[in-house]
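The entries follow in the order in which I looked.

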Amino acid sequence: MPSSQPTAGHLAVKPEYLSSQPSPMAKPSEPNRNTKYDPKKPHITDTPITKSNWYKHVNWLNVTLIVGVPLYGCIQSFWTPLQFKTALWTVAYYFMTGFGITAGYHRLWAHTSYSATLPLRIFLAAMGGGAVEGSVRWWARDHRAHHRYTDTEKDPYSVRKGLLYSHFGWMLMKQNPKRIGRTDISDLNEDPVVVWQHKNYLKVVIFMGLIFPMLVCGFGWGDWWGGFVYGGILRIFFVQQATFCVNSLAHWLGDQPFDDRNSPRDHVITALVTLGEGYHNFHHEFPSDYRNAIEWHQYDPTKWTIWIWKQLGLAYDLKQFKNNEIEKGRVQQLQKKLDQKRAKLDWGVPLEQLPVISWDEYADQAKNGRGLIAVAGVVHDVTDFIKDHPGGKVMISSGIGKDATAMFNGGVYMHSNAAHNLLSTMRVGVIRGGCEVEIWKRAQKEEKGEVVRDENGQRIVRAGTQPTKVLQNVATAGAA
Ligand SMILES: [Zn+2]
Ligand SMILES: [Zn+2]
């Protein structure tokens with residue numbers, strides 16, 4: 001072993017360095033820790049759900065916020081007339097609070113895919129608060145765990161537990177905090193906007209979620225109650241359900257052009273529902289890219305909005321993966337699909353598995369009525385194919401029992417790649433002597449792994465590389 005290689009006992013990083021690093025976990029002294037949580041006590045999720053304890057498993061606060069309040073809003077809407085101005089404002093505020101989640105909570109804080117000036121961070125923390133989906137700190141920590149442990153037990157909203165679970169079931173039922181994967185949020189703890197929003201979360205939610213939209217409609221055109229019901233409650237419901245789709249629909253519906261080893265998928269419907277977060281297969285591969293959609297024609301208003309903020313000087317350092325890296329992922333996934341397709345096709349018995357027969361044996365069998373043809377030292381049984389031969393019965397029959405290498409390769413007819421492919425499915429043996437040397441060289445190359453194989457070990461036969469394809473001087477070969 002070269003002396004420069006690390007051996008057992010030699011650590012790559014000095015232990016002093018590791019112990020000097022801050023712990024990624026929140027300290028008990030940090031303002032954001034749930035003081036009631038005691039990791040030593042058994043958690044309710046450790047006991048199975050029964051008829052007598054099911055209500056203890058339910059997160060009643062979240063049930064009230066996500067199901068109860070929206071239901072109340074739906075009932076109120078029956079006798080609350082919807083004014084046109086209120087409707088316009090509701091849609092506009094829907095987009096603003098939606099961007100608070102997608103551009104703020106998600107792309108800015110969870111993934112740091114760009115940087116934002118203080119006024120923009122305050123705006124996003126306020127708007128995200130108005131969407132009523134928890135504090136930035138809580139949301140981004142769970143989301144980082146979701147990316148780090150996608151589809152595993154440590155994924156807070158793993159789609160493997162069901163579509164409804166990944167949508168909002170994970171919030172309606174109590175979760176064991178020990179289960180969620182660890183993530184580093186030291187950068188979030190250093191952002192005063194994030195810390196302030198987390199500390200004052202309830203005030204932010206009530207004001208931005210309900211009071212602010214009501215004030216706009218009330219002072220604007222006197223529709224206080226409409227502002228509360230439509231701009232507040234029902235808008236919250238729609239924003240929540242839309243953004244929850246990133247965790248459910250985006251892991252369930254669509255294509256996987258970059259990697260299909262886990263659940264994230266790309267689909268335009270998810271993009272339409274989630275303000276552009278629908279290209280989720282791309283997003284999980286390139287999470288710190290400020291874009292979700294990379295094609296100009298794909299729907300990603302969150303990306304467009306971040307770009308406009310950049311033009312206004314509010315956002316900067318927009319991160320973008322190089323096209324070269326993106327295309328590599330796409331090609332590898334295409335290759336994988338191609339390998340799967342190739343594996344389903346019949347490429348004939350591999351040369352090294354064919355029996356070796358002597359020339360005399362070959363000639364004898366052919367004489368006794370078996371339609372055997374030798375091309376480049378490989379014996380093919382064409383008995384059932386004679387009647388279907390596109391060049392006619394006579395031509396193919398004239399090669400039976402002979403060395404038809406030259407005939408097949410241009411002496412009589414220059415056969416197509418498709419013909420070589422078809423011929424390979426009729427292989428039955430390899431001739432000892434004659435072309436044996438060449439063919440065995442090939443077979444040995446294959447065994448040594450010199451032949452290209454795909455990731456499943458399947459041999460790749462490219463067009464024009466079938467062993468029966470012989471590039472030789474046809475005239476001399478024919479004369480031999
Ligand atoms: Zn995801
Ligand atoms: Zn993400």
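I began with H380, which stands opposite R427 in β6. I then looked up the strands: β5 (residues 378-381) and β6 run antiparallel, joined by 3 bridges. I counted strands as pairing if DSSP finds at least two bridges between them.

I noted that this is a predicted model, in which local features need pLDDT of at least 70, side-chain atom pairs count only at pLDDT 80 or more, and totals for chains, interfaces and linings use all residues. Residues are numbered from 1 along each chain as its sequence is written, while chains are lettered from A and ligands numbered from 1 in the order in which they are written.

Next I checked β3 (residues 356-358), which runs parallel to β6 (residues 427-432) with 3 bridges between them. I found V430 in β6 as the bridge partner of V356.

I looked up the whole chain and found 21 helices and 6 strands. Both are DSSP runs numbered from the N terminus: helices are H or I with at least four residues, strands are E with at least two.

I looked up burial: 35% of the 480 residues are buried. A buried residue has 20 or more other C-beta atoms within 10 Å of its own, with C-beta atoms placed from the backbone.

Last, I read the unreviewed UniProt entry, which lists residues 60-79 and 118-140 among its "transmembrane region" spans. Such annotations may be inferred rather than shown by experiment. In the model, residues 60-79 are 90% helix and 0% strand, with end C-alpha atoms 28 Å apart. Residues 118-140 are 78% helix and 0% strand, and their end C-alpha atoms lie 18 Å apart.

Definitions and conventions
A residue is buried if 20 or more other C-beta atoms lie within 10 Å of its own, exposed if 12 or fewer, and partly exposed in between; C-beta atoms are placed from the backbone.
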